[in-house]
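Colleague: I am new to reading protein models. Could you take me through one, feature by feature?

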Amino acid sequence: MSLQKMMGYSLPLFHGRGIFQYKIGLLPNRHPINTYVGEPIEVPKLAPELITSQLIDEYHTKYMDALTHLFDTHKAKHGDDYSKPPPLPNWSSIAAKSSHKAVVETDSTRSYNVPLVRSNLSLSPLSVDTAYSLRWIVITSIHYPTKTVNKLSKLNNWALVLVADVSTPKDWSHPNCVFLSIESQRRLLLEIHDTIPYRHYGRKTIGYLYAIRHGAKIIYETDDDNELISGIEQQVLGFQEISTSNKAYFLPATSQEMNSFDSKPFFDAAVFGKSSSVNTTNNLTMEEQITVNPYHYFGQPNIWPRGYPLRLVGDNISNSISLSTVRPLIQQGLANGDPDLDTIFRLTQSDRHNRIDIRFQEKPPNAVSHGLFVPFNSQNTLFHYDAFWALWLPITTTFRVCDIWRGYFVQRLLWELTPKATLTFHSPSVLHKRNGYYKSLYKCDRIEYLWLWETSRIETRLIAATQWSAAM
């Protein structure tokens, strides 16, 4: 201290190696220097008058791209901790001390979604490197923590991970939550990181992989404006993955009457009366049932979800539903308030000056039969462990429909499993109050979304999907 006061600064202590020994001395310690040489860049020999600034910029860009590629190829072998994936903790020792316990023995006894002990929630944000849970909630947001996030973070035996995008506040933080910043996402060194574009909903896929790496046996995905309704654990999240007591009403995949408008409109005789002179010639045709509107089953036949073929709007749901035992690998909960609705409905059937407030009926779970497609989203959806293969979001579509196309492809793959392994729909478990995100749908520049739900596009692809085989 006296030396520091005298000189005005503190002297650093350092040590190195000696000339004939390596334990102590003043010479620098030896460290390997690794040199990598990339592929040569061919540069033509030109006369000075032919060398332009544009040409210089072109080859300078080529050089920088090649240098960046060379660095990215070998950086994981060397460098500091930011170029290496963080070491994973010993999950078994953490789980033994944690209250996030579950029975994990054989497939016949697995019951991941049964909380055995109520946990003490963390009062601080969770560490990206050491967070662990058997149950993860995955969201993405461009806002600071909302009321929904606050409620989700207080669920016992659950942990939440928020996947940041470029518009997410960089200082986002909340108790019992992992903030997966853009830098943290890079540190995971996932092969898909550079493939998924920014400002795309598909970046949620990084959150899925993070949750799986950090102990997940159940993953629940939602949005930051889905307010929980009391009883969510019993209503949706409490549905057993493997249990003989799971009961749901199956919607069968059978031929049914479908509206046909090839020649003239079909007029219901019940509307005009039996004595009406209006031509009521039966203009219905029998078609193979491809998809069904799940909202009809829950008491809302006049609205339809994103991804539902417009030609089928208004068709009746089959009455031949049957109660059966199911094994729900994916569970879609509905949303009261402003649910997931097709853009056409919003533009033509809703009042843009007033908030949509739709209430679904409380009904038993509804299962989707193999051979039938039902659009489901990523806004209130639970995936069990054996359906983690379905946790991906395509990036070649616009981000507003990527979850819908995922849902259709995933359902086709479910057909290859046992008949009881299925997708189930459940009564509302959240109240959806949109963040003002869809107000722009009423602007002219959003009319571009109308082409997305062109009937021929949806139905053609669904018909093609029914023809897939396991050999493919």
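Colleague: Is Leu-189 buried, partly exposed or exposed?

Modeller: First, a word on the source: this is a predicted model, local features need pLDDT of at least 70, side-chain atom pairs count only at pLDDT 80 or more, and totals for chains, interfaces and linings use all residues. Residues are numbered from 1 along each chain as its sequence is written, and side-chain values use heavy atoms, with hydrogens and water left out. Now the idea: buried means under 20% relative accessible area, exposed means over 50%, and partly exposed is in between (1.4 Å probe, protein chains only). Leu-189 has a relative accessible area of 32%, so it is partly exposed.

Colleague: Where in the chain is Leu-189 found?

Modeller: Helices (H or I, at least four residues) and strands (E, at least two) are DSSP runs, numbered from the N terminus. Leu-189 is in the loop between helix H5 (182-187) and helix H6 (204-213).

Colleague: What is phi like at Leu-189?

Modeller: Start with the general rule. Most residues other than glycine have a negative phi. Leu-189 has a positive phi, near 50°. Asn-176 also has a positive value, near 60°. Asn-176 sits in the loop between strand S2 (159-163) and strand S3 (177-180). Its relative accessible area is 7%, so Asn-176 is buried.

Colleague: How do I read a distance between residues that are apart in sequence? Take Tyr-210 and Gln-185: how far apart are they in space?

Modeller: Compare two numbers, one along the chain and one in space. Tyr-210 and Gln-185 are 25 residues apart in sequence, and their C-alpha atoms are 8.9 Å apart. Tyr-210 lies in helix H6. At 1% relative accessibility, Tyr-210 is buried.

Colleague: Which other pairs can I try?

Modeller: Ala-421 is in strand S13 and is buried, with a relative accessible area of 1%. Then take Ala-465 and Phe-373. Here 92 residues separate the two along the chain, and 9.8 Å separates their C-alpha atoms. Ala-465 belongs to helix H12 (residues 455-466), and at 6% relative accessibility Ala-465 counts as buried.

Colleague: How many salt bridges does the structure hold?

Modeller: A salt bridge is a side-chain nitrogen of Lys or Arg within 4 Å of a carboxyl oxygen of Asp or Glu. The structure holds ten. One of them joins Asp-403 and Arg-306, with the closest N and O atoms 2.8 Å apart. This pair links distant parts of the chain, 97 residues apart. Asp-403 is in helix H11 (residues 402-414), and Arg-306 is in the loop between H9 and strand S9 (322-325). Both Asp-403 and Arg-306 are buried.

Colleague: Are Asp-338 and Arg-346 buried or exposed?

Modeller: Both Asp-338 and Arg-346 are buried. Their side chains meet in a salt bridge of 2.9 Å, N to O. Glu-416 and Arg-412 form another salt bridge, with the closest N and O atoms 2.9 Å apart. Glu-416 is partly exposed at 39%, while Arg-412 is buried at 5%.

Colleague: Which residues are linked in a network of salt bridges?

Modeller: Lys-204, Glu-221 and Arg-406 are linked in that way.

Colleague: How many cavities of 30 Å³ or more are there?

Modeller: On a 1 Å grid over the protein atoms alone, a cavity is a set of points where a 1.4 Å probe fits but cannot get out, and lining residues have an atom within 4 Å of a point. Grid points are joined across faces, edges and corners, and a volume is the space filled by probe spheres set on the points. The count is eight. The largest cavity holds about 150 Å³ of space.

Colleague: What lines the largest cavity?

Modeller: The lining has 20 residues, and Tyr-295, Gln-332, Leu-334, Asp-340 and Asn-377 lie nearest the centre. Helix H9 (294-297), strand S10 (327-337) and strand S13 (421-432) each give two or more residues to the lining. S10 gives the largest share, four residues.

Definitions and conventions
1 Å grid on protein atoms, 1.4 Å probe; cavity = no way out; pocket = protein on both sides within 12 Å on 5 of 7 lines; lining within 4 Å.
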